[in-house]
Amino acid sequence: MSGPNEDKNTQLSSHFFGDLLDSIIVDVASECHRIAKLGLDRNLEEEEEEMRLSVQARARVADPSNSSETNTKYVVDIFGQTHPSIATEIFECMNCGRSIAAGRFAPHLEKCMGKGRKARLKVTRSSTAAQNRYSRGSPVSAYSPYSNSTSTNRLSNGTPSVAGEEYSNGTYEEPWNKT
Amino acid sequence: MKHSVNRPPTPDAAEDQGKEPTLQEIINIKLIESGEKERLMELLRERLIDCGWKDEMKALCRAHVKKKGRTNVTVDDLVHLITPKGRASVPDSVKAELLQRIRTFLMSAAL
């Protein structure tokens, strides 16, 4: 094989290889350009921006200092409306007939329909049933934590829960306690 | 009729190339006409994808787009960005394989 031809061959080969490579480079650049312009690339920057905003929003929601009185009243929802922290529409209680604010309805019903002992007293069919309940061993005052949370009902396994008691003995139901 | 119609053809351009195509051009035409250029290009493309070269280039482009902003980037920008790095980062085995095939073609077609 002659030297100069070899060199020429090598040179030509390199030239054509470079040619092919350049074409492929242009193709790749064009493809990336297209993806960038059409925003097909998962919108890197925009996604990061959205991530940042959503993290901020989540932090704002989870932040306990935000649920202070002044803040909750002036938080704006996505439609630009503000809501008072306690719902203000007024309903009539079906049990006692009083006008109650919606946001105060559940606590009212708890007291009104029997979670409170005073209420139960007045609705009980027979006084003996009431006596049975109280003679179960736990003093009535044990039930006063009701006003804090209904779960104390269920947790106090030794004493029969008021709801269960009523369900079996009494004839009126307390759907809210049953949840 | 304008006088410019009869003026002699511009000497320099014609003089450099001569009226005959260069060896390079001849081989190029042969490559294209035989379909070998297409095959070589597909082979090179496939090899470059397999070895991750294309992904590297795309990552470079993406980074550049992120920096400059989507709307400001041109194809030219990206080509100029990728070309030096692209040429330098082709794996040796890929380059050798392609060069071998081209050389084979040259030897069979040159004479």
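The axes of α2(B) and α6(B) come within 11 Å and cross at roughly 105 degrees; axes here are lines fitted to C-alpha atoms, for helices over the stretch in contact, and angles run from 0 to 180 degrees between N-to-C directions. Helix α2(B) is therefore roughly perpendicular to α6(B), given that angles of 65 to 115 degrees count as roughly perpendicular, under 35 as roughly parallel, over 145 as roughly antiparallel and the rest as oblique. Helices (H or I, at least four residues) and strands (E, at least two) are DSSP runs, numbered from the N terminus.

The model is predicted, so local features need pLDDT of at least 70 and side-chain atom pairs count only at pLDDT 80 or more, while totals for chains, interfaces and linings use all residues. Residues are numbered from 1 along each chain as its sequence is written, chains are lettered from A and ligands numbered from 1 in the order in which they are written, and side-chain values use heavy atoms, with hydrogens and water left out.

In the crossing described above, B:Ile27, B:Lys30, B:Leu31 and B:Ser34 of α2(B) meet B:Phe105, B:Leu106 and B:Ala109 of α6(B), where contact means heavy atoms within 4.5 Å. The residues of this contact comprise 5 nonpolar, 1 polar and 1 charged; Ala, Val, Leu, Ile, Met, Phe, Trp, Tyr, Cys and Pro count as nonpolar, Asp, Glu, Lys and Arg as charged, and the others, Gly among them, as polar.

Helix α6(B) (residues 92-109) also packs with α3(B) (residues 36-50), at an angle of about 170 degrees and with the axes 10 Å apart. This angle makes α3(B) roughly antiparallel to α6(B). From α3(B), B:Glu36, B:Arg39, B:Leu40, B:Leu43, B:Leu44, B:Arg47 and B:Leu48 meet B:Val94, B:Glu97, B:Leu98, B:Arg101, B:Ile102 and B:Phe105 of α6(B). This contact divides into 8 nonpolar, no polar and 5 charged residues.

Attention now turns to the interface between the chains. In chain B, 39 residues are in contact with 35 residues of chain A. The size of an interface is often given as the accessible area lost when the parts come together. Here the buried area is about 3400 Å², of which carbon and sulfur atoms give 72%; buried area is the accessible area (1.4 Å probe) that two parts lose on being put together, summed over both.

Between chain B and chain A there are 5 salt bridges, each defined by a side-chain nitrogen of Lys or Arg within 4 Å of a carboxyl oxygen of Asp or Glu. In one of them, A:Glu31 pairs with B:Lys58, with the closest N and O atoms 3.5 Å apart. On the chain B side, the elements that give two or more residues are α2 (23-34), α3, α4 (53-68), α5 (75-88) and α6. Helix α4(B) supplies the largest share, 8 residues. By class, the side of chain B that touches chain A has 22 nonpolar, 7 polar and 10 charged residues.

Another salt bridge joins the side chains of B:Arg45 and A:Asp27 (2.7 Å, N to O). This pair crosses between chains, from helix α3 of chain B to helix α1 (residues 3-38) of chain A.
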